[in-house]
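Let's have a look at today's structure together.

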Amino acid sequence: MKNNRTINSIKNKNSIIQTIKEYDELGKENFLSKYGYGEATTYYIEHNNKEYDSKAIIGVSFKYEYPTEKPLLNSEFNGGIPVEKKLQSLGFIVYKKTINNAVIKAFHVLQKPSTIEEIRETIISNSFYIFGAQDKNINDVIRNQIDRYCDNVERKYHIGGVKYFTKIKTNLYDLLDNIIKAKTIAPKEIKDLDDLESKPEGKKTQRYTTVYERDPKLRETAIKIHGTTCKACGFNFFDTYGEHGKDYIQVHHIKPLSETKETKVNPKTDLIPLCANCHVIIHRKKDKTLTIEELKNKIKKDEDG
């Protein structure tokens, strides 16, 4: 086994789950100290709405993969992208702790247009990002990062790509990802069940289907926050179908857009991952969208019966 002491030898997702369980039991500081790992600075696993030091987790998981072996030492392998790719191949969400992601997380906590000072305090108090000694003026660091990805801020040098933020007024910003607009399109344009919500209109024999425009970034953010396991029945596409089902899950609006029309959506509180079966059932009655609790109760009743 000595020649195979690499993270590529870890094939079992449960080895990571067992390591995370030990991490929770010992606590972050004791776990890192026990196995000689430092705190992660960039790459983290997000599991059950908690974050874990990616390199330490995968290194220690080696002993669960191979019970006769000791954990991988911190010096035996490199962290960063190799760890990220390996954990993702096993079905885990790995994110980079960058200033940009920290600002997005801060907005999810604040849930309102916010000042640079409010964003800074939220980032620091929640350890969303660790500012270095070179970041002498943290407010300027955050403001410059927001402006780089702001949809309505002109810069001397054009910054292309995705825009995440919008400037409301001087020193007041909001998260652009929260903005979602609803519009009706013809039934012939319907392509994906993920986008369907229906409601009855006119006579009982007539039904018109309305599709509401969704922001794909909201879906991505919701999955990063909640994961890819169905919150109603616990089904996971990757666990069942392997690579073919990796990263797939449908995302349900807890309050249907057909009721809210044009609104702001918080991916942490307004969106929830559901498997295809649960998502169809929750919308099956066109005049009644089940709540998550109602759906869970129906699943439980069926299991008990």
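**A helix and its sheet**

So, helix 3 is mostly covered, with 9 of its 12 residues buried. Buried here means under 20% relative accessible area, while exposed means over 50% and partly exposed is in between, using a 1.4 Å probe and protein chains only. Quick note: this is a predicted model, where local features need pLDDT of at least 70, side-chain atom pairs count only at pLDDT 80 or more, and totals for chains, interfaces and linings use all residues. Residues are numbered from 1 along each chain as its sequence is written, and side-chain values use heavy atoms, leaving out hydrogens and water.

Helices (H or I, at least four residues) and strands (E, at least two) are DSSP runs, numbered from the N terminus. Among the buried residues of helix 3 are Ile57, Ile58, Val60 and Phe62. What do the buried residues of helix 3 pack against? Helix 1, helix 2, strand 1, strand 2 and helix 4, where contact means heavy atoms within 4.5 Å.

Now the sheet: 3 strands make an open, antiparallel sheet in the order 2-1-3. Two strands pair if DSSP finds at least two bridges between them. Strands 2 and 3 are at the edges with a single partner strand each, so one side of each has no neighbour in the sheet. Strand 1 and strand 3 pair over 4 bridges, in the antiparallel sense, and Tyr44 sits opposite Tyr95 of strand 3.

And back to our helix: helix 3 packs on this sheet, touching strand 1 and strand 2.

Definitions and conventions: Axes fitted to C-alpha atoms, helices over the stretch in contact; angles between N-to-C directions.
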